[in-house]
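My notes follow in the order I made them.

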Amino acid sequence: LFGPEEKHKSSGIAILKSTNLGDTWTDMAGEPVVVPALYRDHLGIPPLGGNFRLGGLALDSHGTVWVVTGDVDARARNIFLSHWTTGGWSTQDISGFLPRERMAVDTFLTIDAKDRLHLAVTALLPDTLKDKTSDTVWGHASCEVFHLVSSDNGKTFACRQVSPTDPDRANWLPNISKNSPSHPVEKPVILYTR
């Protein structure tokens, strides 16, 4: 169905919502969507048109939807943080809160009980890559895990490295405690592979 170069491509990330346990569905603006549905830009989370992957989706205490995505083909490996407002999606690149020499590989999101945004991020040193293709970042020895925290709805983030630096071993594939109405997160835990 897909050629070798397309088999891992994404059309984009879409979000639908249901208020009746999946009997009917709408887009984020409340317009009905008949499922199964094909991907369309009006269902998509910005930015649109890249090879994006979902890094997490969470609700804050006000019911605001927050999403983190990344473009796996991008040389810069940006981290896009989006949230839904009455006017549509508001999206910003927050990769600048990582150390300047680092490039994000993957990102995971949660929101704690005080509405602070927490991201667990794998970031590597792109200058150490021999070949700048996406396959070379998988398990690269320069991968380290970082924790980004925002107390102001994503305007600013504090960043700290979680993993101990080891030039011979990758620290990567992080995960972070997930929040839900029945499972509030007071202090998230980050797990990762070493």
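I started at W66, which stands opposite H83 in β5. The model is predicted, so I kept its limits in view: local features need pLDDT of at least 70, side-chain atom pairs count only at pLDDT 80 or more, and totals for chains, interfaces and linings use all residues. Residues are numbered from 1 along each chain as its sequence is written, and side-chain values use heavy atoms, with hydrogens and water left out.

Entry 2, β4 and its partners. Strand β4 (residues 65-71) is joined to strand β5 (residues 80-85) by four bridges, and the two run antiparallel. I took strands as DSSP runs of E, at least two residues long and numbered from the N terminus; helices would be H or I runs of at least four. Two strands pair if DSSP finds at least two bridges between them. I also found S82 in β5 as the bridge partner of V67. On the β3 side, β3 and β4 pair in the antiparallel sense over seven bridges, and L54 stands opposite T69 in β4. The hairpin of β3 and β4 has five residues between the strands, and G63 there takes a positive phi near 85°.

I read the strand order as β3-β4-β5-β6, an open sheet of four strands with antiparallel pairing. β3 (52-59) and β6 (88-93) are at the edges with a single partner strand each, so one side of each has no neighbour in the sheet. The twist from one strand to the next averages 25°; axes are lines fitted to C-alpha atoms, for helices over the stretch in contact, and angles run from 0 to 180 degrees between N-to-C directions.

Is β4 mostly covered or mostly open? Seven of its seven residues are buried, where buried means under 20% relative accessible area, exposed over 50% and partly exposed in between (1.4 Å probe, protein chains only). V65, V67, T69 and D71 are on one face, with W66, V68 and G70 on the other.

Four strands form another open sheet in the order β7-β8-β9-β10, with antiparallel pairing. The edges are β7 (103-111) and β10, each with a single partner strand, so one side of each lacks a neighbour in the sheet. Neighbouring strands here are turned by 25° against each other on average, direction ignored. I counted four bridges between β9 (residues 144-150) and β10, paired in the antiparallel sense. H147 stands opposite R160 in β10.

I found S163 in the loop between β10 (158-161) and β11 (172-176). S163 is buried, with a relative accessible area of 4%. Leaving out residues up to four places away in sequence, S163 touches E144, V145, N171 and Y192, a contact being heavy atoms within 4.5 Å. A polar atom of the S163 side chain lies 2.9 Å from the backbone nitrogen of V145. S163 and V68 are 95 residues apart in sequence and 21 Å apart in space, C-alpha to C-alpha.

The protein chain has zero helices and 12 strands. Of its 194 residues, 41% count as buried. The C-alpha atoms fill a box of roughly 50 × 45 × 25 Å along the principal axes.

Terms used. Polar contact = N/O pair within 3.5 Å; in protein donor to acceptor, adjacent residues only side chain to side chain.
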